[in-house]
Amino acid sequence: MKKYCIAAALLLAQLHSSAQSNPIKDTITLQHGAHRTGNRTDADMARWRSLRLGQFIHWGLYAIPGGEWNGKTYNGAAEWIRSWKEMPRCDYDNLYKQFNPVNYHPEQWAQYAKDMGAAYMIITTKHHDGFCLWPSKYTRYTVAASPYKKDIIGPMVDAYNKKGIDVYLYFSIIDWNHPDWHASLKTPADSLAYSRFKVFVKNQLKELLVKYPTVKGFWFDGTWDDSWKNDGAFSDELEQYLQQLHPGLIIGSRLRADEKGARHFDSNSRLMGDYEQGWERKLPEKYADIHGNDWEGVMTIPENQWGYCAKWTGHIKSSDELIEMLVKSTSLGGNFVINFGPKADGTFRPEETQRMQEIGNWMKVNGAAVYGGGYAGFDKQDWGYYIRKNGSDSVYMVVCNVPVSGNLRVKLPPRVILLKVSPVGQPEARITPELIGRSEYFIQVGNAPRAAPFVLLLQTGNAGAESGGADKART
Ligand code: EAT
């Protein structure tokens, strides 16, 4: 019995140490699992990692009904209205005959994004309904068949790029318009159709890369159905095919399944694709939640509306709430993307332009804390978020909640000390921190009401052997 206990203890100790040096243990042999350990280290991925704030745009035929049909209001997400029993399929499938966004001015769109401080954007080239905003030669269900006739995507890519904003293409694998798409494959005929569908997908994606060679990546969606997730080999082949066509391309984890049907993370818990793409309308709470992976969160302004929805109901996020989410994401080493759903005529609703303006006004003053920022490695405090300027000793404090005392507690790791504190953008101004313990300080900011989160910049350094604050009580 005693021997057994010792053996068990040894085994546990061994397991524990191996878990620490290599947190993931490959126990399952996979051909189509993750092909990389850890994050990508190339320049394209480093750029993606520095962008931090993105603009998502959901635009398509669903903007025409805007969540309403025949005087009735659809309770779901407006871009899903085609699946509503009150909306006849043929009505939806004829909407393209009305798509004529005469007020679509891509330069204006790009300006809004620039004003907000977005460093990249993601556009729905094709949502679940299958309607293509570019004149694809592989289907007739495109903007070319609409009264507008012209390509939407090309001028958008050019306009955003001209303002220095990277463009990513959203592409839905679900395609309600294509006769060969199936959610599950029940008969040999379904399987045959789906193999044609895969060729169609490949052709469309290649077409997008050839037509719009400056795009930086794809944002895949609609990959949860059995037909897709049970064909991990194809998602693997497709990812490699696209990256070989366009070296440096960035593709999130949502594209991928392994050969056992595991999605995002393979059956050995390794992330597939270039970053974790599962943070939709939710964010990680703490650093441990993201397992060291690159990640991106996408967020709607109302609860769950992506495409234009005429009547927003429920809680509508304010600019300050969105700024806090952006800052939280950055502090946890991720990108944050805010969604907009323009109207069918090509204009934005005022609630959206207002938020772009307000977020942009904040970013003009405080953006230095966001771009190129990441996890600081300090204990989180209740006043807000630490963000480290990647690879440096500069750490920003984004203060969202000032305590009634007006004192912000800063507790640095052992042997790290504060060298300088200044308000962001005012390197000459000094705030003198109060040392209250070893590597522990109060920064006194008073408790006057503030209109928005504010940012302080800390320069940190290493303590000499003799430095330190008040003696620690022996207890
Ligand atoms: O329509 C949404 C939107 O494009 C978002 C990024 N993903 C799509 C989506 N489809 C869903 C199906 C079930 C549950 C949630 C979904 N979100």
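A residue is near a molecule if one of its heavy atoms lies within 4 Å of that molecule. This structure is a predicted model, in which local features need pLDDT of at least 70 and side-chain atom pairs count only at pLDDT 80 or more, while totals for chains, interfaces and linings use all residues. Residues are numbered from 1 along each chain as its sequence is written, and side-chain values use heavy atoms, with hydrogens and water left out.

**Exercise 1. State which residues surround the ligand, and how they divide by type.**

Step 1. The surrounding residues are His-58, Glu-79, Trp-80, His-127, His-128, Tyr-170, Trp-219, Asp-221, Trp-224, Glu-280 and Trp-306.

Step 2. Sort them with this rule: Ala, Val, Leu, Ile, Met, Phe, Trp, Tyr, Cys and Pro are nonpolar, Asp, Glu, Lys and Arg are charged, and the others, Gly among them, are polar.

Step 3. The shell then has 5 nonpolar, 3 polar and 3 charged residues.

**Exercise 2. Find the distances from the side chains of His-128, Asp-221 and Glu-280 to nitrogen atoms of the ligand.**

Step 1. A polar contact is a pair of N or O atoms within 3.5 Å; within protein, one atom must be able to donate a hydrogen and the other to accept it, and residues adjacent in sequence count only if both atoms are side-chain atoms.

Step 2. For Asp-221, a polar side-chain atom is 2.7 Å from a ligand nitrogen. For Glu-280, the distance from a side-chain N or O atom to a ligand nitrogen is 3.1 Å. For His-128, a polar side-chain atom is 3.3 Å from a ligand nitrogen.

Step 3. On its own the ligand has 390 Å² of accessible area (Shrake-Rupley method, 1.4 Å probe), and the protein covers 74% of this.

**Exercise 3. Locate Thr-300 and decide whether it is buried or exposed.**

Step 1. Thr-300 lies in the loop between β9 (295-299) and α9 (319-331). Helices (H or I, at least four residues) and strands (E, at least two) are DSSP runs, numbered from the N terminus.

Step 2. Buried means under 20% relative accessible area, exposed over 50%, and partly exposed in between (1.4 Å probe, protein chains only). Thr-300 has 0%, so it is buried.

Step 3. The Thr-300 side chain reaches the backbone oxygen of Pro-302 at 2.8 Å and that of Glu-303 at 2.9 Å.

Step 4. Leaving out residues up to four places away in sequence, Thr-300 touches (heavy atoms within 4.5 Å) Arg-281, Gln-305, Trp-306, Lys-317 and Asn-339. Of these, Trp-306 also belongs to the ligand's surroundings.
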